[in-house]
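Reader: I have a structure to look at, and I want to know what the labels rest on. Can we go through them together?

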Amino acid sequence: MVRVELRHVSFIQNKVEILHDINLIIEDQEYLTIVGPTGAGKTSLVGLLSGLYQPTKGQILFDGVDVTHFPPYERHCGVMFESYALFPHLTVLDNICYARHMHESNHTETYAIGEAVLELVRLEGRGSALPHECSGGMQQRIALARAIMALEQKGLLILDEPFKALDAGLRMNLRREVRKIAKSKELQMTTVHVTNDMQEAMMGDRIVVLDQGRIRQIGTPQEILYEPVDLFVANFFSTEMNYFNGKVVEVRMVEKIGFKGKPLQRVVIQTKEGFFLFAKTEKNFEIGDKVTFLIRSQYFQARHKRRQDKTNSIVGKVNRVKFMGAWLRIEMLAPYQLETFVNGNKTHSMKNHCVELSLEPPKKLIKIEIPTTRVAVHNFQVGETITIYYPSQYVIVFPQIPQPELEATLRVN
Amino acid sequence: MPEIRLDHITKIFDNGKVIAVNNVNLIIRDGDFVFLLGPSGCGKTTLLRTISGLIQPTQGRVFINGLDVTDSPPQSRGIAFVFQNFNIFPLTVWENCTYALNVQGYSRDYIIEKGERALEIVGLLERADEYPIGWGNGDLQRLGIARAICSGARILIMDEPLGSLDPKISAEFRWELRNIIKDAHLTAIQVTHNQEEAMAIGDRIIIMRDGHLLQEDTPDELYKYPTSLFVGNFLGGINILEGYVIHIDHPDVYHVKIRLGGPKLIINAPYSRFSLDENIIVAFRPEDVYLFPLGYDFENSQADWTGIFLTDAIIKSKFHTGKERRFIIEIDNGDEIEISKPETFKYRFCEGDNIQIGLFMDDVRLFKYPKNLQKEMDLQ
């Protein structure tokens with residue numbers, strides 16, 4: 001239950017600028033995730049919020065009060081660490097009551113609060129157990145309970161990569177549970193959750209994308225996914241990204257509004273490989289502009305048959321298929337596209353497309369992922385001809401990004 | 001590319017108090033890239049150490065390439081290790097890579113040939129004279145692998161080799177890792193926390209729990225036909241409904257009623273032996289459930305929905321994971337089901353919406369009701 005504000009915060013350690021001019025408001029009761037690769041400055045930011053570090057420049061405000069130079073114990077932040085850091089010789093209840101015992105003489109009251117917090121994290125009746133007697137999931141909840149106790153209903157809850165060492169399946173359940181507890185009516189906490197995992201970041205009300213000490217973007221999960229500000233953010237929130245460079249050949253307004261509430265524009269590009277691709281975007285482009293289309297691998301759909309509606313269809317040969325559980329990953333070599341209409345004219349027509357396919361040299365490797373459900377999968381085999389297509393509103397459109405930057409960021413060869 | 005065979009391996013610690021590995025039989029074929037998965041304490045580390053010879057099994061024999069190596073020391077088994085924290089020496093890349101061969105006193109020509117080949121496979125040959133100080137984790141792990149290849153080992157044991165890499169980097173590097181292993185013609189066993197990684201690049205996956213080998217198969221088969229609820233849930237998550245058998249048609253077709261007045265299903269489950277009135281678990285994957293608005297026109301749909309089973313449901317909550325949309329829905333009897341749909345899913349359902357869910361019976365698995373359901377579903 002606190003509103004946190006960072007004003008022009010910079011942090012320099014050993015002459016290295018770790019954080020640069022961070023401006024950020026964490027609203028009361030917000031669940032905010034901070035995400036970025038190793039070395040982005042996430043841990044330093046946590047240190048600044050909890051008072052372990054002092055910023056080199058700038059101010060930190062809790063509910064309008066300048067706490068920049070407050071020591072950690074006056075900020076009432078509860079921090080939950082990756083390794084839990086539980087006291088092995090203390091019972092569960094003593095672990096979570098430890099901090100309050102230090103500065104409150106009424107131990108009976110502290111224990112009563114402790115029991116109540118244990119109930120919140122569904123550990124009622126386990127107060128007398130020792131940490132090593134508890135399963136990993138329970139230790140997690142003890143660490144959470146201790147962090148909740150420490151902030152005493154008024155501070156900020158900070159989760160510093162809490163699930164990093166856990167199995168993927170388990171992480172999914174735990175992160176939902178933690179969010180539920182943080183958001184519960186009894187607590188209504190303001191939470192900062194630091195992670196390097198994109199799926200985990202998606203649990204936030206808003207996401208802060210941090211890279212090399214700078215904030216790249218702040219936004220809701222939808223904004224980050226569909227309207228990333230740059231290539232870095234777009235790529236960070238995707239498993240695999242396909243890119244197409246091309247020139248705009250047609251622009252038309254459509255009777256629809258996009259994610260940001262602005263009218264959508266239908267943009268057609270001719271790529272350097274000769275494909276004509278369509279996108280719907282809220283950004284404005286003109287004929288002749290050079291642009292880059294980014295399409296995440298999982299936005300494609302695939303069929304054996306040619307589709308009636310040939311917009312956005314690309315035909316190619318399956319190069320590689322890999323089953324990955326809920327998803328099937330296909331690499332497709334695409335030599336050409338089905339006929340399509342641009343400005344009312346048919347661009348090209350391939351009558352005997354099987355013959356053409358084997359003659360044309362492949363021009364583009366496209367990586368797609370489709371769900372492995374019965375309706376989506378048609379038993380794709382290597383060497384088969386397939387048609388893939390994508391919904392045009394899911395394309396991320398940027399003014400043309402130079403090839404070296406594309407290759408460096410997307411790590412394509 | 002040697003074959004590894006484990007014959008009735010049991011390892012007991014603390015004078016019989018802890019059975020770390022319990023009667024495991026296993027064959028790892030020539031050149032396979034195998035993943036060993038399981039919750040912590042399942043015995044995977046003990047099993048790896050038994051294979052490598054760091055510990056002796058209490059019972060059973062270890063065979064490598066048909067030879068009984070149970071009593072052979074680790075260094076004579078032809079096994080190399082790759083660690084999560086790299087364990088790189090403060091030497092140049094070349095010295096790191098050829099260290100083992102130098103110690104063993106091989107000829108200069110032999111060392112150069114082996115070293116160059118190993119560094120070439122991992123793409124570090126041009127950086128052979130550099131010191132790997134300040135290198136990124138990905139490059140350090142490349143060096144770790146080159147060192148393992150160079151040692152002349154034909155079996156590679158890797159303990160979370162991608163564990164210290166950022167998720168994004170590790171997702172890219174794992175394909176490269178697979179190519180390296182295949183290029184070097186190695187048999188590899190890898191331990192990981194990341195099930196997705198195992199599914200993506202593994203030839204086969206072994207799942208262990210409480211010292212037992214639960215199932216060993218290709219990623220496909222394991223995912224589609226788990227033999228236990230635990231394996232199904234461990235690999236990718238699974239929805240469960242509790243029910244009981246109300247009728248049996250033929251030997252394999254079961255009519256199941258979901259408890260608390262839930263829907264009735266007819267499921268073909270070959271090889272299962274359930275009896276009438278037996279309590280069972282109905283399990284299915286989050287991605288195999290289809291969502292439809294009320295009044296959906298199945299007749300004129302492009303997809304073929306013949307044979308789909310439908311029931312009413314309410315959307316309780318929804319969220320993004322970046323790759324999918326996930327929905328938590330509630331069916332008639334109050335049971336909750338998690339559903340995953342691609343981001344491109346066309347319906348914008350909201351919390352509280354009444355919908356229909358559909359399920360093909362072939363996507364449903366039946367399991368015996370376990371003694372302790374909570375433990376069976378606990379991934380720890």
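Author: Start with A:E407, which sits in helix 10 (residues 403-410) of chain A. Helices (H or I, at least four residues) and strands (E, at least two) are DSSP runs, numbered from the N terminus. This is a predicted model; local features need pLDDT of at least 70, side-chain atom pairs count only at pLDDT 80 or more, and totals for chains, interfaces and linings use all residues. Residues are numbered from 1 along each chain as its sequence is written, while chains are lettered from A and ligands numbered from 1 in the order in which they are written.

Reader: What makes A:E407 count as buried or exposed?

Author: Count the other C-beta atoms, placed from the backbone, within 10 Å: 20 or more is buried, 12 or fewer exposed, in between partly exposed. A:E407 has 12, so A:E407 is exposed.

Reader: How do you know that strand 1 and strand 2 of chain B pair?

Author: Pairing takes at least two DSSP bridges between the strands. Strand 1 (residues 4-13) and strand 2 of chain B have seven, in the antiparallel sense. One bridge joins B:I12 to B:I19 in strand 2 of chain B.

Reader: Which strands make up the sheet, and in what order?

Author: The order is 2-1-4-5 in chain B, an open antiparallel sheet of four strands.

Reader: What makes strand 2 and strand 5 of chain B edge strands?

Author: Strand 2 (18-28) and strand 5 (67-68) of chain B each pair on one side only.
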